[in-house]
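I opened the model today to look up contacts, the core and the sheet. My notes follow.

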Amino acid sequence: MKRNINFTLIILMLSWCCISCHGNNKNTYTDNDKNSIQTGDLLFVELPYTYCLNEHSADSILLKQLTGREDINYIHVAILEKDENDSIWVIDATLAKGVDRHPYSQFLEAFTLNDGSYPNMKIMRLKNAENAAKYVENAKQFCGTAYDCSFLIDNDSLYCSELVYRAYVNDKGESLFQLCPINFMTEDSLMPPYWDDLFMLIDKKIPQGNTGILPSDLMKDDQLEMANVKLQ
């Protein structure tokens with residue numbers, strides 16, 4: 001039976017128009033910077049494992065009954081940039097625009113839920129941020145690249161965390177992060193209904209086990225630490 005997808009919530013994976021703008025970026029952080037967004041920070045969007053795009057689905061109730069908990073599902077990661085005027089920009093890969101750069105305010109607007117709230121978001125920062133501005137410039141070079149609905153690591157398109165993998169590279173061109181078999185499932189080997197709904201919508205098989213990198217993999221990387229940033 002075909003599901004009645006709530007298309008409003010698909011905006012969680014969409015982006016807005018691509019805007020070109022360059023500024024002078026900080027690549028080291030002072031004590032005063034620690035509580036503000038900085039160039040090279042990574043913004044993670046999270047939803048409960050039980051969250052459904054189809055609000056009438058019983059999958060979320062079933063999943064909660066089976067797991068007995070409300071674990072977090074990291075559905076998206078974006079790269080942040082602060083320009084010389086302290087304006088915040090977002091570079092990310094989404095279904096609507098592929099790889100795109102747009103103001104932080106538009107990112108927040110796109111992530112607004114029906115009740116006017118936002119999903120939970122976390123900011124992670126490189127412990128060694130010396131080359132953060134360089135990584136952001138690398139990411140900009142991918143603007144215009146198509147979104148990778150197949151979640152493959154060896155094609156000409158990119159998904160959100162793959163963009164981070166490609167942009168955050170050392171002088172030898174080696175990524176700071178490691179690839180692994182990607183896993184969309186819970187610790188109990190159950191598929192969160194969000195991913196079922198999303199891949200059904202784009203008419204793709206869930207790429208469970210493909211070599212790649214998901215936002216949840218990046219979150220666990222020990223090169224990153226939580227930034228004490230108040231989001232708005």
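I started with Tyr168 in this predicted model. Leaving aside neighbours within four places in sequence, I found Tyr168 in contact (heavy atoms within 4.5 Å) with Gly40, Asp41, Leu42, Ile79, Leu126, Tyr135, Glu174, Ser175, Leu176 and Phe177.

A note on method: residues are numbered from 1 along each chain as its sequence is written. In this predicted model, local features need pLDDT of at least 70 and side-chain atom pairs pLDDT 80 or more, while totals for chains, interfaces and linings use all residues; side-chain values use heavy atoms, without hydrogens and water.

Next, the core. A nonpolar core is a set of buried (under 20% relative accessible area, 1.4 Å probe, protein chains only) Ala, Val, Leu, Ile, Met, Phe, Trp, Tyr and Cys residues joined through side-chain atoms within 4.5 Å. The largest one has 58 residues. Tyr168 is among those with the most contacts inside it, as are Ile79, Tyr104, Phe107, Phe177 and Phe184.

Last, I checked S1 (residues 42-48). 7 bridges join S1 to S2, and the two run antiparallel. Pro48 stands opposite Ile72 in S2.

Definitions and conventions:
Buried < 20%, exposed > 50% of the residue type's maximum accessible area, 1.4 Å probe, protein only. Pairing = 2+ DSSP bridges. Helix = DSSP H or I, 4+ residues; strand = E, 2+ residues; numbered from the N terminus.
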